[in-house]
Amino acid sequence: MRIGRPGLRLAYALAGATLAACATRSVPREAARDFSHGTHVVLLGTGTPNAEPDRSGPAVAVVVNGRAYLVDAGPGVVRRAVAAARLGVAALEPPNLDLVFLTHLHTDHTVGLPDLIFTPWVLERTVPLRVYGPPGVRAMTEHLLAAYGEDVRIRVDGLEPANPTGHGVEAHEIRPGVVYRDAQVRVIAFPVHHGSWEHAFGYRFETPGRTVVISGDAAPSESVVQYCDGCDVLVHEVYAQAGFARRAPEWRRYHADAHTSAPALADLARRARPGLLVLYHQLYWGATPEDLLAEIRERWEGQVVSGADLQIY
């Protein structure tokens, strides 16, 4: 069943809001939903470089039949994954976190990468972390491993019974096209425009039941329209036009070239035709989530939600 059907879209949105509300308190395991089958989109972090305590750094998990595929590694990614696991998404238990796709190498999307390399290893992951991302990701991971070399030595050679393999990294520098496939999913990387970055990607996940597209950080990009093209879920960054108008001129120049305003995203969605549009990496600058949604709905009548950490669709 496709999420494009209005009733199912609404059910997912309501369920996501309920789970996010529950995330701040203990949730009995018997009350959690079953996420071991089908395709689910888990918002692990919807934040920006701004240090908002209720929004971790950008990170999304596409969970397919109990297998987690991460996109980006913003600050707090592993702890948010554990919070989602406690809501019933067992695929996000730390030992299972062994695959991530990076959209680009901005710090807010990668500061959590050492967390993703080392914390699941300390918590008994035995296989290397596979990292797919733009040119430069291999050097980044090599430097991180060197920076934490003394930690690795103490854990492996000292009294701590750490395994010698789970801290490893397999870095894959990608180009546009199919970058990964297994029995559950095919992942396609496509270029997006993000300011001065030469290499920035969005990702399309094709699973047995759904198609999910994640923009990463992007100005309005025709490639998103092409690779969504009626997709079930489009997770896209956005900024509030009302807040943008209050920014200094130099910041307006930057954001206009690197990010997508709500009106521009509405125009893009009208052509991309997603079953559900999920907003993340929201820049408000004094506007409210309601303001942001109103700006979208003025120009597009499709289903849209403003995402928060730990919502699941």
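This is a predicted model: local features need pLDDT of at least 70, side-chain atom pairs count only at pLDDT 80 or more; totals for chains, interfaces and linings use all residues.
Helix axes are taken here as lines fitted to C-alpha atoms over the stretch in contact, and angles run from 0 to 180 degrees between N-to-C directions. Helix α4 and helix α6 (residues 149–157) pack at an angle of about 10°. Their axes lie 13 Å apart. Angles under 35 degrees count as roughly parallel, so α4 is roughly parallel to α6. On the α4 side, the contact is made by Phe-118, Trp-121 and Val-122. Helix α6 contributes Asp-151, Val-152, Arg-155 and Val-156. Five of the residues in this contact are nonpolar and two are charged. None is polar.

The protein chain as a whole contains 11 helices and 13 strands. It has 313 residues, of which 54% are buried.

The largest nonpolar core holds 35 residues. Within it, Val-42, Leu-44, Leu-70, Leu-92, Leu-113, Leu-116 and Val-131 touch the most other members. Strands β1 (39–45), β2 (59–64), β3 (67–71), β5 (129–133) and β6 (169–173) each supply at least two residues. So do helices α2 (77–86), α4 (113–122) and α5 (137–147). Helix α4 gives the most, with five residues.

Neighbours within four places in sequence are left aside in what follows. Leu-116 is then in contact with Leu-70, Ala-73, Val-78, Leu-97, Val-100, Arg-125 and Leu-129. One of these partners, Leu-70, is also listed among the core residues that touch the most other members.

The relative accessible area of Gly-286 is 68%. Residues over 50% count as exposed, so Gly-286 is exposed. Ala-240 is 46 residues away from Gly-286 along the chain. The C-alpha atoms of the two residues are separated by 8.9 Å.

Notes:
Residues are numbered from 1 along each chain as its sequence is written. Side-chain values use heavy atoms; hydrogens and water are left out. Helices (H or I, at least four residues) and strands (E, at least two) are DSSP runs, numbered from the N terminus. Buried means under 20% relative accessible area, exposed over 50%, partly exposed in between (1.4 Å probe, protein chains only). A nonpolar core is a set of buried Ala, Val, Leu, Ile, Met, Phe, Trp, Tyr and Cys residues joined through side-chain atoms within 4.5 Å. Contact means heavy atoms within 4.5 Å. Angles under 35 degrees count as roughly parallel, over 145 as roughly antiparallel, 65 to 115 as roughly perpendicular and the rest as oblique. Ala, Val, Leu, Ile, Met, Phe, Trp, Tyr, Cys and Pro count as nonpolar, Asp, Glu, Lys and Arg as charged, and the others, Gly among them, as polar.
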